[in-house]
Amino acid sequence: MSDVQANSSADAGQDTVWVQEISLIDSIPRWIAMTFVFVVFVGTWQLTTSLGLVSPIILPTPMETLKDMIFVGQNLLTGGYMLLALWITMKEVIYGFALAIAIGFSLGVLVGETAFGEKAVMPYLVAIDTMPKVAFAPLFVAWLGFGIESKVALAAFIATFPIVVGTAAGLHAADENARMLFKTMGATRMQTLIKMKLPTGLPQIFTGLKIGAVGVMAGAITGEFLGGGRGFGELIRVAASQLNTPRVFSLILYLSLVGLALYVLVQWTQRKVVFWHKERVGAHDA
Amino acid sequence: MNTALANEYSGAPHGAPVYELTNVSKTYARNKVVALTEVTLTLCKGSFTSVIGSSGCGKSTLLKIMAGLIPPTKGRVVLQGRPVTGPRRDIGMMFQQATLFPWKTAVENIVLPIEIRDGAAAAKKALDKAHELMEIVGLKGFENVYPNELSGGMAQRTSICRMLITEPAVLLLDEPFSALDELSRDMMNMELQRICREQNATAFLVTHSIQEAVILSDDIIVMKPRPGRIAEVVPVDLPRPRTLDMMTTPKFGAIVDHIRGLLDKGEDM
C-alpha cells in the first residue's frame, strides 16, 4: 500500500503507530470544493469578457447576466408574462413526462415480459430510437398544430425510449434463484411480475425515468423552438434573435432550475420507493 | 440395488414412504443429452437423504424433477400418493442463496409462499406461525429487520423458515449452506438436523461435501455421470443426534473413504 507507511521502530513497549496519508484533494469539504469550482468558472468568464477577448454581444459579462436574472426573477415572482410562458413550458414538460411514463412503462413491460414483445416490438423500437427524434418535430406540428399538444408529443416521444429500455432491463434483473423460488411457490405469471420482477427492477426503471426527465425538457424546448407557441423556449428564441444574450443566459438558467427540480423529484421518489437500494455515483460520494 | 429403503441399521427413522421415484429418466430434447436414467428411490417419513456426485451426474436435474419444476421424460414421480405434475405446496425448497427480497422484512419474506398461494389475508394470519418458526431457528427479535441487515447465516435461517411455513411433506435442499464460511456451515448443519428432528421432516439434500452428507444423512445416494444414474446407496449408521465430534471417529472416516472411492471410480468412466 503506497499511501500507508508503517512506523518501523521496534522498540519494546512502544505502540505501533501508522502514519496515514490522506490525499489533500479528496479531503476538501464538499461546499468548499463546489465554491472553488464556481469561483474559477465565473472568474474565467469575467476575465474573458472584461479583457475584451470576446465581444459583449456574443458573451455578456457575469454582472450583466446576474442583473438580467434579477429582472427575469422579478417578472416571474410578480406574475408577469414570463411566468405565463414558464407555466406553459412546465405544463408541456409535466404532460409529456406523464405520457412518456404511461407509454414507456407499458411498452417496457410488453418488451421485457413477453417473447412476442422482445421478438416483434423491440427491433422496431431500437430502429426508431436510433433516429434523430428532434427531426420529427415538424411532423408533430403539422399533425397537432402550434399549441402545446405538438410540444407535449415531442417531449413524450424523446422521453419514452429510455423508460422502455429501463423497464425492460429491470424486468430482466431478477436472478435465476428468485425465478425458481417463485416457480416452486406456484406463483402465476402476473404474481411473478408484480411481486418479484417489477420490485427487483425498480432501480433500472428509475434510471430510465431520470434519463427521460432530462429528455422531456429538451423535447419541450425543441418543440417550442420549431413550433412557436408562447412558452419559455419562444422567449429564448426571441431574445436570441434580438442578440439579447444576457436574457438568453438567464432564461436558460431558470429553465435549468425547472429541469433540476424534475430530476430531484424523481430522485427523491426513488429514495423513498427503492429504500433498500443504495446508489453509488462516485468513489467519494458523501 | 437402486433403492434408499435399505434401512437395516438402528437409530434411523423408519417412517412410511413419502416420496417415491420409479425408473425416472430425463433426456433433454434440445441436445439429446441423457441427464438421468432409471432412477428409483424412496424417501421415508422423517428420513434424511443426501445425493452426491460430480458435476453432470444429473443431481440438479433430479432435484428439479422432484421439485416439480421440470417433467421427467419417463418414469413415475409420486409424492404422498399423488403424481407430481408441477410445483406443489407440500414441496419445500431451499437454494444455495437465501434469495430473500430486500423490500420485505424477514417475517414478510417468510410468509411470502402463503401470500402467493392464499393471498394477503392468509399471509397475515400466518404471521404468528412465522414468529414461532423464527424463534425455533434462533431469529427472535429480527422479525422486522430487512434482509440487507442480516448476516449470511441469518439469511439462510430466514429462508429455512420460509421453506417450513407451508408445512411441506418433503424438504428439497440444494446446497443450502455452501455459500457460507465453514464455521457457520457446520453450525447451520447441526441446526438443520435439530429442526428436521423437531419437525420430523423428510429431507433431501444435494451437496458437494462428503463430510456434510455423512454427518447429516441416513442414506447417501452416490451418483455417476454420463448418463446420470445411481451408483450406490450408502447407509450411514451413526447414532442420532449427530454431533460434530463424530467427524473424527473411525466409522465416519470409513464412510467418507468409501464414498470418495465410489466418486473416484465415477470419474474414471
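## Confidence of the model

The model as a whole scores ipTM 0.85 and pTM 0.82. For chain B the pLDDT averages 87, and 93% of the residues score at least 70. Among the elements of chain B, the highest mean pLDDT, 95, belongs to helix H2 (residues 106-110), whereas helix H9 (residues 250-268) has the lowest, 84.

The pLDDT is below 50 over residues 1-12 of chain B, although this stretch has 30 contacts in the model beyond near neighbours in sequence. Where pLDDT is low, the predicted coordinates should not be read in detail.

## Overall fold of chain B

Chain B contains 9 helices and 10 strands, and its C-alpha trace spans about 50 × 45 × 35 Å along the principal axes. The radius of gyration of chain B is 18 Å, which agrees with the value near 18 Å that a compact globule of 269 residues would have. Buried residues account for 43% of the 269 residues in chain B. Of the contacts in chain B with a separation of 6 or more, 72% are between residues 24 or more positions apart.

An unreviewed UniProt entry lists residues 19-250 of chain B as "domain: ABC transporter".

## Two domains in chain B

The domain assignment divides chain B into domain 1, which comprises residues 1-90 together with 171-269, and domain 2, which comprises residues 97-167. Taken over C-alpha atoms, the centres of domain 1 and domain 2 of chain B are separated by 26 Å.

Where these domains meet, 12 residues of domain 1 of chain B are in contact with 11 residues of domain 2 of chain B. On the side of domain 1 that touches domain 2, helix H7 (residues 182-199) of chain B gives the most, with 6 residues. This side of domain 1 of chain B has, by class, 7 nonpolar, 2 polar and 3 charged residues.

## Contact between chains A and B

The contact between the two chains takes 12 residues from chain A and 17 residues from chain B. On the side of chain A that touches chain B, the elements giving two or more residues are helix H8 (176-184) and helix H9 (189-227) of chain A. The largest share of that side, 6 residues, comes from H8(A). By class, the residues of the side of chain A that touches chain B are 7 nonpolar, 4 polar and 1 charged.

B:Glu143 is found in the loop between helix H5 (127-136) and helix H6 (152-164) of chain B. With 17 other C-beta atoms within 10 Å, B:Glu143 is partly exposed, because a residue counts as buried at 20 or more such atoms and as exposed at 12 or fewer.

Leaving aside neighbours within four places in sequence, B:Glu143 is in contact with B:Thr105, B:Ala106 and B:Val107, and also with B:His131 and B:Met134. The C-alpha atoms of B:Glu143 and B:Glu108 are separated by 8.3 Å, while the two residues are 35 residues apart along the chain.

Definitions and conventions: Residues numbered from 1 in each chain as written. Chains lettered and ligands numbered in written order. Predicted model: local features only at pLDDT ≥ 70, side-chain atom pairs only at ≥ 80, totals over all residues. Helix = DSSP H or I, 4+ residues; strand = E, 2+ residues; numbered from the N terminus. Rg over C-alpha atoms; globule rule 2.2 N^0.38 Å. Contact = placed C-beta atoms within 7 Å. UniProt positions renumbered as here; feature names shortened; annotations may be inferred. Nonpolar A, V, L, I, M, F, W, Y, C, P; charged D, E, K, R; others polar. Domains from an automatic or database assignment. pLDDT = per-residue confidence, 0-100.
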